[in-house]
There are 2 protein chains.
Amino acid sequence: MRAEIITVGTEILLGDIVNTNSQFLAKELANIGIDVYHQGTVGDNETRLIECLNEGLKRSDIIITTGGLGPTKDDMTKEVAAKCFNQELVLYSGIWENIKSYFNKIGLEPTQNNKKQAYFPKDCIILDNPNGTAPGAILKKDNKMIILLPGPPKEMIPMFNNELKNHLLDLTEYKLVSKTLRFFGIGESLLEDKLVDIINNQSNPTIAPYAKEGEVTIRITAKSKDILDANDLIKNVEDKIKSRVGNYIYGYDDTTLDETVAKLVVEKNMTIAVSESCTGGMVSSKLINYPGISQSFLEGCVTYSNEAKMKRLGVKKETLDKYGAVSEETAIEMATGIAKTLNANIGLSTTGIAGPGGGSDEKPVGLVYIGLYINGYVKVKKCNLFGSREKIRSRATSEALNLLRLELIK
Amino acid sequence: MRAEIITVGTEILLGDIVNTNSQFLAKELANIGIDVYHQGTVGDNETRLIECLNEGLKRSDIIITTGGLGPTKDDMTKEVAAKCFNQELVLYSGIWENIKSYFNKIGLEPTQNNKKQAYFPKDCIILDNPNGTAPGAILKKDNKMIILLPGPPKEMIPMFNNELKNHLLDLTEYKLVSKTLRFFGIGESLLEDKLVDIINNQSNPTIAPYAKEGEVTIRITAKSKDILDANDLIKNVEDKIKSRVGNYIYGYDDTTLDETVAKLVVEKNMTIAVSESCTGGMVSSKLINYPGISQSFLEGCVTYSNEAKMKRLGVKKETLDKYGAVSEETAIEMATGIAKTLNANIGLSTTGIAGPGGGSDEKPVGLVYIGLYINGYVKVKKCNLFGSREKIRSRATSEALNLLRLELIK
């Protein structure tokens, strides 16, 4: 079984965006056991798109396209694919209803442009898109297939995982089972170093480390005709990994660090208050993303100035004068102050230099202190982070959440 | 002048790495004014590589390859390219000396494999590689060119910038200039609806709408022998677009909405305080991402519970009882409360139902009120948002920032 990936979009040809869709699909197809020998990119141009599809159909069984399913005139992937297979587009009234109600929900009327998104070849398989207005589709003719996926990764990836993957698995006799282990506090290269022999000696399951925004994940993927066998294969490798680096694992699969920490606070029936300087509201925001947090989250406070730190949190003037706003002492007083003011079990604080200016030899950009107060006990963590202002702030947020997590699971 | 980018490497076909080379080259070529209509990826396989090069040579003047210049047997791009042009490889002794001294410098002896890297077609243009052992090359035949670049970006990018770019600039007489208009508050299809005639009647400059995470951009790209002419072409179209939908434009090129708003607050010498419920700190966090905000940002407050809204912001119990926490009235009291407490010029508030639970017929998930207080004047905006909890919160944050922006530019 041979597939070819064609990404459609002028924004890729112009280099405006990196083509991450191809990588995602290539990896998934490799895991399923479908070979990919060609990837291509072409703009929103009918002649060239037809050429590309026809070339691809000569040498591959399946063409997977991403992009060009939008409502505008230059979105034409579906129309061109149907032309290649000599199939006529018909209105799918159910899809049109969905689009209309999608627009109604946001208080808008769909335009006639949007109706275009409800036309598909008769008898094709529709792939639902809960994250946008453009459904995907599987078009078949003889032994060939053209699969149409939307361009935005936020729509394409869930559609692949929830809709398309099973169709593709049906084409092979294997089942694939994956489990993702999520790590915080260990870098990708160190993690790989500690597991290099396990990784190298494995072909089924495969073990794929992946680093993203300060955290590392390992995806274990087993392939078997039987799901139970696949699960056993995963369990075996997972146990080996855990015996070496299990203390860095904070969760599995789609769990996030925010969710893990917020859940712990709620499950322990504790209350929390947050005071932030350099992270400026990101820690509160992450905790509040957990729907069940309302009873536990008492208040958040963005005290960016010294005055606010003193007035709102009771940080002492002497502390700020002697140690500065970015110091262990200030972090502790911020955490303690917000907790005591609100009578919360937990007070969590951040103070640091996010840059690009404001750094010195003694206190460089990226220096961040996390303060934690839990029922009278205090703890502080010093971090030396790097990268852009945004990256430092986001990493500091994760460090704060992880510090709290480690205390809560003690 | 038309170019095609072919990246060679099994690691890309398997999805092990993201193809950033294509993006880099595409962007650079667009800037130079060389059109790219196709990008392709193929593995280290002679038959398929020859096929790809031959196809490309049919439709493009220049093929730029990256990868496959290494010392091992499966590195074959140079050999296959020479075959396509029917050119023989000869030993370039100067290159071989360079390779030997490169190895001496790192205390190693080159292997016979490495000698392969010193062979090139006679009369080709060699592109130096100070960052590795594989030089690049420009091969010419009749009016066609194959340009060979190494795969690792750390070698490829400097080689492009320092060696290849000038050769390419000599080939074209055109300059390309782009400008991006950034919109908020209008969807992609409605925007296109309003501009459809302008878009359809334009070929130079081209007009490309693009939607991403709640905002829409339009990229205008003009091609001309003279940069000033290109700028005029852009200005002309930009003015037409502005006359129809200019009130939705918040910025240009790489500006973000957060930055635009934070800058406005600072430039107007105003002070701001933020009180957030459903966005839980995101509005503060976005403003604080602007490095110059410190003098203007007085304090942020995450008052998720009713108690906090009353205690911290002075929202009246009767208001909460009569209208509920998610209401116009509460939003206004939150914005006014935080501004007055801190004596700030601006108070900005959010309160809403981010879901997934907590919605009712009367107040569904996605209902958000944004409250704004500016020097005694108040304003409130009701939004009906949709999507995941995260999406609703993030969209509400943008709506709050945009409401403030619209007031500040009045």
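Biologist: Which residue stands opposite B:Val274 in E14(B)?
Modeller: This is a predicted model, in which local features need pLDDT of at least 70, side-chain atom pairs count only at pLDDT 80 or more, and totals for chains, interfaces and linings use all residues. Residues are numbered from 1 along each chain as its sequence is written, chains are lettered from A and ligands numbered from 1 in the order written, and side-chain values use heavy atoms, leaving out hydrogens and water. Strand E13 (residues 272-276) and strand E14 (residues 297-302) of chain B run parallel, joined by five bridges; here strands (E, at least two residues) and helices (H or I, at least four) are DSSP runs numbered from the N terminus. In E14(B), the residue opposite B:Val274 is B:Gly300.

Biologist: Which strands are the edge strands of the sheet of 10 strands?
Modeller: This open sheet has mixed pairing and the order E17(A)-E16(A)-E15(A)-E13(A)-E14(A)-E14(B)-E13(B)-E15(B)-E16(B)-E17(B). Two strands pair if DSSP finds at least two bridges between them. The strands that pair on one side only are strand E17 (377-384) of chain A and E17 of chain B.

Biologist: By how many degrees are neighbouring strands of this sheet turned against each other on average?
Modeller: Such an angle compares axes, which are lines fitted to C-alpha atoms (for helices over the stretch in contact), with angles from 0 to 180 degrees between N-to-C directions. For this sheet, with direction ignored, the average is 10°.

Biologist: Which strands are at the edges of the sheet of 12 strands?
Modeller: This sheet is also open and mixed, in the order E6(A)-E7(A)-E8(A)-E3(A)-E1(A)-E2(A)-E2(B)-E1(B)-E3(B)-E8(B)-E7(B)-E6(B). Its twist averages 15° from one strand to the next. Pairing on one side only are strand E6 (125-127) of chain A and strand E6 (125-127) of chain B.

Biologist: In E8(B), which residue is the bridge partner of B:Ile62?
Modeller: Strand E1 (residues 2-8) of chain B runs parallel to E3(B) over five bridges, and there B:Ile62 partners B:Ala3. Strand E3 (residues 62-66) of chain B also pairs with E8(B), in the parallel sense and over five bridges. On the E8(B) side, the partner of B:Ile62 is B:Met145.

Biologist: How many of the six residues of strand E8 of chain B are buried?
Modeller: Buried means under 20% relative accessible area, exposed means over 50%, and partly exposed lies in between (1.4 Å probe, protein chains only). Strand E8 (residues 144-149) of chain B is mostly covered, and its buried residues number five.

Biologist: Which residue takes a positive phi in the hairpin of E7(B) and E8(B)?
Modeller: Strand E7 (residues 136-141) of chain B pairs with E8(B) in the antiparallel sense over five bridges, with B:Ala137 facing its bridge partner B:Leu148. Two residues lie between the strands, and the one with a phi near 50° is B:Asp142.

Biologist: Why is the pair of A:Tyr102 and B:Phe386 called edge-to-face?
Modeller: A search of the whole structure finds six aromatic pairs over all chains; rings of Phe, Tyr and Trp (its six-membered ring) pair if their centres lie within 6.5 Å, with planes under 30 degrees apart counted as stacked, over 60 as edge-to-face and the rest as tilted. This pair crosses between chains, from helix H5 (residues 93-105) of chain A to the loop between strand E17 (377-384) and helix H15 (389-408) of chain B. A:Tyr102 is buried at 18%, while B:Phe386 is partly exposed at 22%. The ring centres are 4.8 Å apart, and the pair counts as edge-to-face because the planes meet at 70°.

Biologist: Which charged residue sits over the ring of B:Phe120?
Modeller: B:Phe120 is buried at 1% relative accessible area. A charge sits over a ring if NZ of Lys or CZ of Arg is within 6 Å of the ring centre and within 35 degrees of the ring normal. Here the charged end lies 4.2 Å from the ring centre and belongs to B:Lys78.

Biologist: How much space lies in the second largest pocket?
Modeller: A pocket is an open set of points on a 1 Å grid over the protein atoms alone, with protein on both sides within 12 Å along at least five of seven lines, and lining residues have an atom within 4 Å of a point. This one is lined by 32 residues, and among those nearest its centre are A:Thr10 and B:Tyr37. Grid points are joined across faces, edges and corners, and a volume is the space filled by probe spheres set on them. For this pocket the volume is about 940 Å³.

Terms used. On a 1 Å grid over the protein atoms alone, a cavity is a set of points where a 1.4 Å probe fits but cannot get out, and a pocket is an open set with protein on both sides within 12 Å along at least five of seven lines; lining residues have an atom within 4 Å of a point.
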